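Have the structure open and follow along.

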Amino acid sequence: MVHVTTKIDRADRALIDELGTFSAATIHEAQGRKGALDSDIKPIDRDMSFCGSAFTVVCHPRDNIMLQVAISYAQPGDVLVVASGDQPAGQFGDVLANACAARGISALVTDGGVRDTREIRELGFPVFAKHVCIEGTVKETLGPINQPLVFGGQVIHPGDIVKGDCDGVVVIRREEIRSAIDASRERDTAEAAYIERYKAGATPIQVSNLAAILEAKGLTVDQ
């Protein structure tokens, strides 16, 4: 027997929205260079972005029955994180994308495959996948929903926050969302100051205080 867990702890929606104002790269760096998913998991449209609570799903390779179950139980704002064994089959297409959009689901992230990408782009539903493939799937094998996953090189717990944009996807622990927001804001403020210094004529060596480091490493430069 396979049990579907539907009750998970989620971060406050206002905090998720606030975190979502920062880029995935900024969040990754700000929280100590952790949480980045496998860079092979990419958006089907570079303009797609999302931020929401992880609703984890395990699908058997080339099978999407549990994905359909997950769509049926996910809540508005959730992100479907679908582990499917890195198989290039089209487990998700425009019909299920419309089902997700109708239910208020924020996005789908999968290490499997998707298809109907033109229609999904026109719909505007964020999909991040490892493969695009026209091959179909079956509906046969049950699997767990809302259990911790090892996915894209990271451990993801149900209710963790997932942020994705054109540069990639990052995972933030639910209990660390406030500190991730604060650290990301500090990083954005610091980087804005760096840019202003560059505009004023400073060099990267000056802005990043590299002179002493480079000298210690033995770098010499013609004068």
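Pro43 sits across from Phe128 of β6 in this predicted model. That pairing belongs to the contact between β1 (residues 42-43) and β6, antiparallel strands joined by two bridges. β6 also pairs with β5 (residues 107-114), here in the parallel sense and over five bridges.

Now move to β9 (residues 161-165), which has neighbours of its own. β2 (residues 50-58) runs antiparallel to β9, with four bridges between the two, and Phe50 has Gly164 of β9 as its bridge partner. β10 (residues 168-172) is likewise antiparallel to β9, through five bridges, and here Lys163 is partnered with Val170 in β10. Two residues separate β9 from β10, and the two strands form a hairpin.

| Strand pair | Sense | Bridges |
|---|---|---|
| β1 and β6 | antiparallel | two bridges |
| β5 and β6 | parallel | five bridges |
| β2 and β9 | antiparallel | four bridges |
| β9 and β10 | antiparallel | five bridges |

Why is β9 described as largely enclosed by the rest of the structure? Five of its five residues are buried, so the description follows from that count. The cover is on both faces: Ile161, Lys163 and Asp165 are buried on one side, and Val162 and Gly164 are buried on the other.

Next, the helices. How are α3 and α4 oriented relative to each other? α3 (residues 65-73) packs against α4 (residues 94-103) at an angle of about 20°, and their axes are 9 Å apart. Because the cut-off for roughly parallel is an angle under 35 degrees, α3 counts as roughly parallel to α4. The crossing of α3 past α4 is left-handed. On the α3 side the contact uses Leu67, Gln68, Ile71, Ser72 and Tyr73, and on the α4 side Leu96, Ala99, Cys100 and Arg103. By type, the residues of this contact are six nonpolar, two polar and one charged.

Last stop: Thr137, in the loop that links β6 (127-132) to β7 (149-151). Is Thr137 buried or exposed? Its relative accessibility is 19%, and since buried means under 20%, Thr137 counts as buried. Leaving aside residues up to four places away in sequence, Thr137 touches Arg62, Asp63, Asn64, Ala89, Gly90 and Gln91.

Definitions and conventions:
Residues are numbered from 1 along each chain as its sequence is written. This is a predicted model: local features need pLDDT of at least 70, side-chain atom pairs count only at pLDDT 80 or more; totals for chains, interfaces and linings use all residues. Side-chain values use heavy atoms; hydrogens and water are left out. Buried means under 20% relative accessible area, exposed over 50%, partly exposed in between (1.4 Å probe, protein chains only). Contact means heavy atoms within 4.5 Å. Axes are lines fitted to C-alpha atoms, for helices over the stretch in contact, and angles run from 0 to 180 degrees between N-to-C directions. Angles under 35 degrees count as roughly parallel, over 145 as roughly antiparallel, 65 to 115 as roughly perpendicular and the rest as oblique. A crossing is left-handed if the near helix is turned anticlockwise from the far one by less than a right angle, and right-handed if clockwise. Ala, Val, Leu, Ile, Met, Phe, Trp, Tyr, Cys and Pro count as nonpolar, Asp, Glu, Lys and Arg as charged, and the others, Gly among them, as polar. Two strands pair if DSSP finds at least two bridges between them.
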